[in-house]
Amino acid sequence: MECIHFEQVSKYYGKKRAIDGLTFRLDCGESMALIGPNGAGKSTTLKILAGILKPDSGSVSISGYDPSTNDARKIVGYLPEDAAPYFTLSVRENLEYIGALRGVQNLNSRMDFLMELLGLGNYRNVKVSALSRGNRQKLAIALVLIHDPKVLLLDEPLNYLDIPSQEAITKYFHSLKATFLVSTHIMSIAERFTSRILIINNGRKVWEGDIQQIKDQSNRSNVSVEDLITRIMGGQLEL
Ligand SMILES: Nc1ncnc2c1ncn2[C@@H]1O[C@H](COP(=O)(O)OP(=O)(O)OP(=O)(O)O)[C@@H](O)[C@H]1O
């Protein structure tokens, strides 16, 4: 069954075309990384899938639902790049508030589980305004996971996190039977989530395939993976 459907989508900001006829699909349980340079259209793609922006043309659905509907929102967890939990509330209050909005059953045990998982236990009563950037990011991830979403849209999820936290979080993500679309600039981060990548530039698909194909090419040509990706992004290389 298809969990993410994104077909021939275009999106303009005024006259600026941010997404240009982009198409991709993910079956339920599949994962893919969205890679591209600054301004490629990664965040816009995720915002459209999260129902925050409407496309100007094309068709988009989450498990068959329009992304802006409650049916879709119930099953989606969206982490924006600049996630900002409520500053004046504590860690626990943020989780309580969003958990209640999402209608989470057994909210207390879910909050305890997520605070433990993300190493936020000692900060439960600390206001967000007093948290470090990394701990704010951990809370943002906990808020995304609070309702156990089946489709995860993650924009630069490991930003600001220390290595042990990155490990704990990626391990937990792998244990979920969810569908993942992860946006990142960094190939090594993409690889921690998935083997499949979609490279975009100027809102268009440049390449879609398996990271292993790029690694094989890298070995054959003695050019680094990052270098190859840069060339693919710039349209100077086709695999
Ligand atoms: N609110 C906006 N108003 C006008 N233009 C915008 C707006 N948001 C994004 N854009 C433009 O749309 C294009 C795609 O932006 P987007 O943020 O989706 O790219 P991105 O791949 O996520 O970039 P980055 O890696 O830098 O975060 C860029 O040219 C950007 O300048």
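## Report on a predicted protein model with a ligand

Residues are numbered from 1 along each chain as its sequence is written.

Helix H4 comprises residues 107-117, and its buried residues include Met111, Leu114 and Met115. These three cover an arc of only 100° around the axis and therefore lie on the same side of H4; the arc is that of the directions from the helix axis to the C-beta atoms. Helix H3 (91-101) and helix H5 (133-145) are among the elements that cover the buried residues of H4. Just after H4, Gly119 adopts a positive phi of about 65°.

The protein as a whole contains nine helices and nine strands. Helices (H or I, at least four residues) and strands (E, at least two) are DSSP runs, numbered from the N terminus. The radius of gyration is 18 Å, close to the 18 Å that the globule rule gives for 239 residues, so the protein is as compact as a globular protein of that length. The radius is taken over C-alpha atoms, and the rule is 2.2 Å times the number of residues to the power 0.38.

Further values for the protein are tabulated below.

| Property | Value |
|---|---|
| Span of the C-alpha trace along the principal axes | about 50 × 40 × 35 Å |
| Buried residues among the 239 residues | 37% |
| Contacts joining residues at least 24 apart, among those between residues at least 6 apart in sequence | 66% |

Two residues are in contact if their C-beta atoms, placed from the backbone, lie within 7 Å.

Around the ligand there are 13 residues, of which Tyr13, Ala18, Asn38, Ser43 and Thr44 come nearest; a residue counts as near if its C-beta atom, placed from the backbone, lies within 6 Å. Strand S2 (16-27) and helix H1 (42-49) each supply at least two residues of this shell, and H1 gives the most, with three. The shell holds three nonpolar, seven polar and three charged residues. Ala, Val, Leu, Ile, Met, Phe, Trp, Tyr, Cys and Pro count as nonpolar, Asp, Glu, Lys and Arg as charged, and the others, Gly among them, as polar.

An unreviewed UniProt entry annotates residues 4-227 as "domain: ABC transporter"; such annotations may be inferred rather than shown by experiment. The end C-alpha atoms of residues 4-227 lie 30 Å apart, and the span is 37% helix and 27% strand.

Terms used. This is a predicted model: local features need pLDDT of at least 70, side-chain atom pairs count only at pLDDT 80 or more; totals for chains, interfaces and linings use all residues. A residue is buried if 20 or more other C-beta atoms lie within 10 Å of its own, exposed if 12 or fewer, and partly exposed in between; C-beta atoms are placed from the backbone.
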